[in-house]
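Please open the model in your viewer and keep the selection panel at hand. The stops below are meant to be taken in order.

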Amino acid sequence: MRWTHTLIPTLRESPAEAEILSHQLLLRAGIIRKLAAGLYNFLPLGVKSLQKIQKIIREEMDRAGALEILMPALQPPEIWQQSGRYEVAGDTLFKVNDHAKREWVLGPTHEEVVTTLAAGEINSYRQLPINLYQIQTKFRDEIRPRFGLMRAREFIMKDAYSFDVDDESSMKSYHNMYNAYKRIFHRCGLKAYPVEADAGVMGGKHTHEFVVPADTGECEIAFCDVCGYAANVEKADSKIPLSYTPDEAPTEAFETPGVKSIDSLTKAPFNVPAEMQIKTLVYIVEDKPVIFLLRGDYQLNEAKIAGILGTTLYRPAEEAEIKNLLNALPGSLGAVGISGVRICADLLLKGASGMVTGANRDGFHLRHVSMKRDIPCAEFADIRTVKEGEPCPKCGKPLHIRHAIEVGQVFKLGTKYSTAIGALYSDEKGAQKPCVMGCYGIGVTRTLQAVIEQNFDKDGINWPITVAPYQVCITPLNIAPESEPMQLAEKFYSELTARGIEVLLDDRDERPGVKFKDSELIGIPIRLGIGEKSLAKGIVELKRRGGELMPISPDQAVESIVKLVQEEIQKLS
Ligand code: ATP
Ligand code: MG
């Protein structure tokens with residue numbers, strides 16, 4: 001491709017709308033342009049890289065035995081009602097009306113559609129296992145679309161769905177996809193790690209996210225660099241020893257004027273360490289109040305409580321609701337003496353005594369509180385968010401916490417959707433059974449940006465060769481048709497193209513500095529500079545993106561470039 005024949009509108013400055021580096025580079029390199037919040041145009045360079053990622057995905061999905069299909073983005077709401085997700089998915093579902101005012105849903109994902117398809121097409125165990133995938137546009141009404149392609153309202157996803165006869169076979173399908181994902185991200189030049197994750201509203205329990213560690217990532221992972229344990233903090237656990245000094249003194253109220261927080265109680269004159277306090281939080285879960293108790297030094301983990309409650313229809317209670325329930329206001333809440341309400345305490349509080357908690361009376365707290373004696377009806381569960389430095393649940397060494405970008409996720413779904421929608425098969429004995437399902441997503445457009453997030457320097461993008469829009473940029477410093485640099489450039493261009501190398505020929509009438517800067521910015525992995533001065537010395541200048549200039553003889557240029565390209569591809573195969 002000749003630069004003057006394509007559209008690569010590079011920008012010197014970062015547009016103000018871009019908050020993170022990879023987003024700035026997408027705009028500056030002329031890869032995307034914004035239409036509206038969370039909606040982007042892909043320009044030619046963007047489409048090329050996207051197509052390359054999609055090709056890698058297709059090759060690996062096909063190799064894993066999955067079958068490509070294509071489902072409609074527009075979906076009838078009835079199937080969402082059937083699966084029970086119409087309410088749960090709630091505000092993130094884009095809904096549109098047709099001319100007859102009938103409502104439709106713009107698909108944020110396709111479990112409902114694919115299960116409906118399977119219900120019609122699969123009827124015998126002989127057809128299983130089967131794995132169907134598509135690469136398609138998804139719509140999600142994200143509360144905060146941001147960071148460019150990372151959190152968009154319209155984005156491209158590869159989604160696959162497996163159907164098996166039983167759990168054991170479904171687990172094989174899961175591992176098959178897990179391994180395919182590892183290969184896909186490796187081939188895209190992305191260091192992505194599988195971490196244990198929370199199943200959210202998907203149903204099913206077994207799931208891994210593939211994440212790319214990055215400070216700008218919107219999820220947090222806890223990991224152990226000794227044994228390799230890694231989990232999303234929504235799910236992560238730790239092994240803190242429970243060591244409470246027994247305190248059998250009777251509870252006693254004491255005055256705490258003006259104290260409204262855990263923190264203020266840690267200060268003089270009270271000096272109660274946060275780990276000796278019980279934090280009391282009230283939530284409304286599908287209309288009913290639930291009290292959550294945590295040690296004062298921990299935060300409630302909403303993803304974990306969703307798993308325990310089996311619903312995402314919960315919210316923190318409002319002051320009036322709390323007052324109604326506990327006859328007190330936040331600041332001095334406690335669960336001592338409360339009955340008739342579900343009380344769920346974090347595991348770390350099991351056996352705790354000598355604790356301090358609110359007295360449900362403004363300006364008062366209780367001390368010498370024993371969980372067993374004073375809050376006997378509490379059930380215990382893991383509801384806290386782990387913190388940096390806590391002992392790893394597997395090996396006990398300190399956990400670390402980092403931000404990360406989720407690029408993909410694999411789920412073992414079980415029979416939630418197949419039962420609800422009636423995707424049944426008859427087994428060898430003719431009995432009707434629900435298919436055991438799995439689902440597997442990769443954010444294709446998010447992956448594109450994640451690759452940049454992991455591969456850039458001060459000059460711009462440094463594409464892995466497998467995802468680069470072009471493998472080689474030829475930069476003649478004189479573009480007059482009869483000049484030696486341009487003639488050589490044309491010769492290399494046709495020879496390399498004939499060898500299957502993807503070449504961008506920078507035939508613009510620009511200063512060398514501008515051309516070099518642009519080719520670095522758009523991140524072409526290999527550059528060949530051809531100038532009159534160096535030609536006079538019998539050389540042209542080969543350069544790997546981010547590497548040193550390599551003077552070579554023009555006779556060797558084509559072979560050297562082909563070899564370099566092959567080496568780079570080899571590293572990522
Ligand atoms: P997140 O937690 O980031 O909202 P998710 O867990 O809801 O994502 P999935 O339903 O697992 O997303 O979708 C599969 C993949 O689609 C994700 O791993 C991610 O790469 C991508 N994805 C999800 N939401 C978006 C979005 N709003 N914009 C771009 N890509 C997205
Ligand atoms: Mg996910």
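This is a predicted model: local features need pLDDT of at least 70, side-chain atom pairs count only at pLDDT 80 or more; totals for chains, interfaces and linings use all residues.

Residues are numbered from 1 along each chain as its sequence is written, chains are lettered from A and ligands numbered from 1 in the order in which they are written, and side-chain values use heavy atoms, with hydrogens and water left out.

**Domains.** Colour the protein chain by domain: domain 1 is 32-206 + 404-453, domain 2 is 252-381 and domain 3 is 463-571. These bounds come from an automatic or database domain assignment. The centres of domain 1 and domain 2, taken over C-alpha atoms, are 39 Å apart.

**Ligand 1.** Next, select ligand 1 and its shell, the residues with a heavy atom within 4 Å of it. The shell has 14 residues, and the closest are Arg140, Glu142, Arg151, Ala152 and Glu406.

- Arginine 140: a polar side-chain atom is 2.9 Å from an oxygen atom of ligand 1.
- Glutamate 142: a polar side-chain atom is 2.7 Å from a nitrogen atom of ligand 1.
- Alanine 152: a polar backbone atom is 2.9 Å from a nitrogen atom of ligand 1.

Which elements give two or more residues to the shell around ligand 1? They are strand E8 (154-164) and strand E21 (400-414), and E21 gives the most, with 4 residues. Strands (E, at least two residues) and helices (H or I, at least four) are DSSP runs, numbered from the N terminus.

**Asparagine 131.** Move to strand E7 (residues 130-139) and pick asparagine 131. Is asparagine 131 buried or exposed? It counts as buried because its relative accessibility is 10%; buried means under 20% relative accessible area, exposed over 50% and partly exposed in between (1.4 Å probe, protein chains only). Not counting residues up to four places away in sequence, asparagine 131 touches Ala66, Leu67, Ala160, Tyr161, Ser162, Met177 and Tyr440, where contact means heavy atoms within 4.5 Å.

**Serine 519.** Finish in helix H14 (residues 512-521) with serine 519. Serine 519 is buried, at 2% relative accessibility. Leaving aside neighbours within four places in sequence, serine 519 is in contact with Trp3, Cys473, Ile524 and Arg527.

Notes:
A polar contact is a pair of N or O atoms within 3.5 Å; within protein, one must be able to donate a hydrogen and the other to accept it, and residues adjacent in sequence count only if both atoms are side-chain atoms.
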